[in-house]
Amino acid sequence: MNSKIPIFSLLEQKQATLAVVGLGYVGLPIALEFARYFKVIGFDIHQGRVEMMQAGIDPSQELSSEDFENKDIEFTASLEKLREASFFIVAVPTPVDDYKIPDLTPLQKASKSLGMVLKKGDYVVYESTVYPGCTEDDCVPILENVSGLKAYTDFKFGYSPERINPGDKERTIATITKIVSGCDEESAEQVAAVYARIITAGVFKAASVKVAEAAKVIENTQRDLNISLMNELSIIFSKMGISTLDVIDAAATKWNFLKFYPGLVGGHCIGVDPYYLTHKAIQLGYDPQVILSGRRVNDGMPAYVAKKTIQAVIRAGKDAKTARVLVMGITFKENVSDIRNSKVAELVSELKGYSAMVHVVDPYAEAAEVKHEYGLELTSEIASDYDAIVVAVNHSQYTNLTAEYFQKISKGTPILIDVKSTFRAMAKNEDLIYWAL
């Protein structure tokens, strides 16, 4: 690579290649977007996924075969092929373990692989959500140690947090402002130029890599806290016998009221990212109070919904120990196939803890994936003798269901547990028992 020519110019002229490492919900869409304009290598360690993408199939079921057409991209699991790139984007998962401690294993492995192919003049940009300082303190040293090169002088690095919203067909990659950063002014300019090529909404240059990391992690921390407040309020209002949504509607008549709603907070972002920030805070000697308090509330909601379900069963004169419960939806949000960190799985576990027999259905989730991830079997056919029905995810296939439908699949008076308040209009229906957060 000609080090005298800016990396963006080389990419524009296709004299250099851009690579995306990790082709999941984040990596694949951005790789295909870049492939409209640049020569791209899409790298993933799972050969089976690579073969699917080579055939124009998105393993995550977010993109259609048409999205793969007319793109200058080559999918591979080969490190030798990855060596041909000069601008690397890392988009691997950053989960937490069972103890809510950040698991940097995928990020560390990706950094090690990149260190094996890194050359002088190359760029590495991380998109994975991390705590402030992770790129410089955890990732860059691996790149240096494995490659034998020095950051800043031999290669440049940056951070540009992902902002993809799975299932959202309106807020696409190009229409969401992209935060970018670099290890110095030159790299910040080049990273900004590269992303500006595909982001029509524009890019925002953060003051530093750490600032960009912090900006990402507080986006979801703020949302998590707002939802936890509404969840706590819904618990209080339930004891008062009033509707949380009725309260929100009334409060929202004031111009500065923020309309957040109660619910199960799962997925790979909101339910995970706050733990990255609190982990770093504790390392620095500060015990975060507000953030962890919000997490405790949200983490406790599956047990709360399960308890309210069983209480409704008992009040209806049914036997809780032999109750048959249908749970509709197990993905972490509506109209997506993503089941990562699904709080519905915890809800099912809590219901089973009461000895209830639980059936789970979902039009988007893959049965094999649900079985592998949670040990749960998806039900192929809905029965007609349920004691309670929990609509946990408001998939579009569910939103038009009627009271007559719930009566048809219920034994005795239907008990409808409406987690997302999708069927709010049924609250006054005397032919069923209705409860919502």
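Let's start with a pocket: the second largest pocket has a volume of about 1,300 Å³. A pocket here is an open set of points on a 1 Å grid over the protein atoms alone, with protein on both sides within 12 Å along at least five of seven lines. Its volume is the space filled by probe spheres set on the points, which are joined across faces, edges and corners.

A word on the source. This is a predicted model, where local features need pLDDT of at least 70, side-chain atom pairs count only at pLDDT 80 or more, and totals for chains, interfaces and linings use all residues. Residues are numbered from 1 along each chain as its sequence is written, and side-chain values use heavy atoms, with hydrogens and water left out.

Back to the pocket. The second largest pocket is lined by 43 residues, and a lining residue has an atom within 4 Å of a point. Asn165, Arg223, Ile227, Ile270 and Lys333 lie nearest the centre. Two elements give two or more residues to this lining: α8 (209-240) and α13 (343-353). Helices are DSSP runs of H or I with at least four residues, strands are runs of E with at least two, and both are numbered from the N terminus. The largest share, seven residues, comes from α8.

Next, helix α11, residues 290-299. Seven of its ten residues are buried, so α11 is largely enclosed by the rest of the structure. Buried means under 20% relative accessible area, with a 1.4 Å probe and protein chains only. Among the buried ones are Ile291, Leu292 and Val297. The cover over them includes α8, α10 (273-283), α12 (301-315) and α13.

Now the sheet. Five strands form an open sheet in the order β10-β9-β11-β12-β13, with parallel pairing. Two strands pair if DSSP finds at least two bridges between them. β10 (357-361) and β13 (433-436) stand at the edges, each with a single partner strand, so one side of each has no neighbour in the sheet. β11 and β12 (residues 415-418) pair over three bridges. In one of them, Ile389 has Leu416 of β12 as its bridge partner.

Last stop: Asp387. Where does Asp387 sit? Its place is in the loop between α14 (367-374) and β11 (388-391). Asp387 is buried, with a relative accessible area of 4%. Leaving aside neighbours within four places in sequence, Asp387 is in contact (heavy atoms within 4.5 Å) with residues including Lys318, Arg324 and Lys411.

Terms used: On a 1 Å grid over the protein atoms alone, a cavity is a set of points where a 1.4 Å probe fits but cannot get out, and a pocket is an open set with protein on both sides within 12 Å along at least five of seven lines; lining residues have an atom within 4 Å of a point. Buried means under 20% relative accessible area, exposed over 50%, partly exposed in between (1.4 Å probe, protein chains only).
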